[in-house]
Amino acid sequence: MGSSVNSKPKVIKGPAGYVLEDVPHFSDYIPELPTHSNPLQDNPAYSVVKQYFVHVDDSVPQKIIAHKDSPRGVHFRRAGPRQRVYYDADEVQAAIVTCGGLCPGLNTVIRELVCGLYNMYGVKKVMGINGGYKGFYAHNTIALTPKSVNDIHKRGGTVLGSSRGGHDTTKIVDSIQDRGINQVYIIGGDGTQRGASRIFEEVRRRGLKVAVVGIPKTIDNDIPVIDKSFGFDTAVEEAQRAINAAHVEAESIENGIGVVKLMGRYSGFIAMYATLASRDVDCCLIPESPFYLDGPGGLLEFVERRLKENGHMVIVVAEGAGQELVSESMQSMAKQDASGNKLLQDVGLWMSQQIKDHFAKMKTMTINLKYIDPTYMIRAVPSNASDNVYCTLLAQSAVHGAMAGYTGFTCGLVNGRQTYIPFYRITEGQNKVVITDRMWARLLSSTNQPSFIIRKSDVAEEHKEEPPSELPK
Ligand SMILES: Nc1ncnc2c1ncn2[C@@H]1O[C@H](COP(=O)(O)OP(=O)(O)O)[C@@H](O)[C@H]1O
Ligand SMILES: O=P(O)(O)OC[C@H]1O[C@](O)(COP(=O)(O)O)[C@@H](O)[C@@H]1O
Ligand SMILES: [Mg+2]
């Protein structure tokens, strides 16, 4: 990995508490670069737009709820085309890479990057890096043209292939230099954006005119700052099909229980939104909200009650939920994947077994449990219409930013606007379901599930005889 010292955040302050968390630009470290007028000004399609180019001072607030006297707060640079660009079309050699797990919409982003570069800026040299970060130094590249990517948005997965692990900053930047690449579009999740940040730092240390641009990808929706990640809507829609199947099965048989496992390693957004959308779910379990099985207020007691009331039920569980409980009763194998991500135990399988064992022991109630694990089926579908449009805007923002000389940034939707966000803001934390927020409250009110706030230990504590107190009451 590179040994560069990280560049300082570019923070610009203005009146009334205005803060711009800006992104790096070539002019920060390469003086006197020539600029050119943006070829879009002669493009008939875009000439209908009244004010097509983004004003140099346009920015987007991170928080849109404001009070009369509150400071204006943090802003991000608004994405979009600029009057002047830092590349001549013939000079550009762009590269696109996809890293990490699959997500609906990857191919759409690839397609729109290629078409955006060709059609908006007249760029003719775009290559795909095969197989994620390690592809820079271990695989061949693929030439990408509007013709070769024309239909790829209709397919799931990524035509470039992906991988975990294998990030070697020095080797990657050497390869960028050797291949004459001067724009790198890196599509991936939190791990990928950390890698992109290292590549940017090394590129900057070497003083190269190479735009390093991140496009955030995560089916889990766990990337902070941005409104939501592409592919998330598609995933929720697809998850609903599984929930629907579980409901049909459960409803059709006496004491039917459907258990559906959905993705969400650290964040339960897919589970929460699919539950809210479907309205057929009796209990939704996510990593952010610990639960327990036995005793008063526990899951098993709730299952018994719901079956008695309704004769069937559906449980949705995010894959990262209850991992501490699963580890207590299952031998854990490998702990991490090649990228250093926690490897999870199958909570759905474990929970299904626990429920079956419980009712088998009870002997008074026979249940019929069906476990559905649609996780990889959900991840493999092509993106839906709204995600396709979202992917297009993201890809076009990325291209505009790189052409305008910005670098070291991730594109993202903030409060409904396309922005350029510095890498450090994307990699510093994780977006999680806040279980004290209104959205989770809406879910609890729709399922009527236990809040699991009174933990087993607390209940035990409550029932314990109080020791004689030596202090006066
Ligand atoms: N801290 C890091 N520094 C550099 N590269 C990283 C870092 N974390 C992950 N990566 C690289 O990013 C790529 C994707 O990461 P991963 O965590 O698997 O997926 P995602 O980007 O979707 O979170 C891998 O090739 C991995 O080596
Ligand atoms: O492809 P793998 O390694 O089995 O990954 C499974 C993981 O990928 C994810 O879909 C998303 O992970 P990333 O966004 O980090 O790539 C998780 O929900 C899931 O735990
Ligand atoms: Mg990740």
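Start by selecting Leu113. Contact here means heavy atoms within 4.5 Å. Leaving aside residues up to four places away in sequence, Leu113 touches Ile96, Tyr185, Ile187, Ile215, Ala395, Ala398 and Val399.

This is a predicted model: local features need pLDDT of at least 70, side-chain atom pairs count only at pLDDT 80 or more, and totals for chains, interfaces and linings use all residues. Residues are numbered from 1 along each chain as its sequence is written, chains are lettered from A and ligands numbered from 1 in the order in which they are written, and side-chain values use heavy atoms, with hydrogens and water left out.

Helices (H or I, at least four residues) and strands (E, at least two) are DSSP runs, numbered from the N terminus. Domain bounds come from an automatic or database domain assignment.

Colour the chain by domain. The centres of domain 1 and domain 2, taken over C-alpha atoms, are 37 Å apart. In contact across the boundary are 16 residues of domain 1 and 18 residues of domain 2.

**The open sheet**

Select β13, β14, β12 and β15. In that order they form an open sheet of four strands with parallel pairing. Two strands pair if DSSP finds at least two bridges between them. At the edges are β13 (283–285) and β15 (368–372), each pairing on one side only.

Zoom in on β13 and β14 (residues 312–318). Three bridges join these parallel strands. Pick Cys284: its bridge partner in β14 is Val316.

Then bring up helix α8, residues 299–310. Helix α8 lies across β12 (256–262), β13 and β14.

**Confidence**

Finish by colouring on pLDDT, the predictor's confidence in each residue, from 0 to 100. The chain's mean is 93, and 94% of its residues reach 70 or more. Over residues 465–473 the pLDDT is below 50. Where pLDDT is low, the predicted coordinates should not be read in detail.

Notes:
Axes fitted to C-alpha atoms, helices over the stretch in contact; angles between N-to-C directions.
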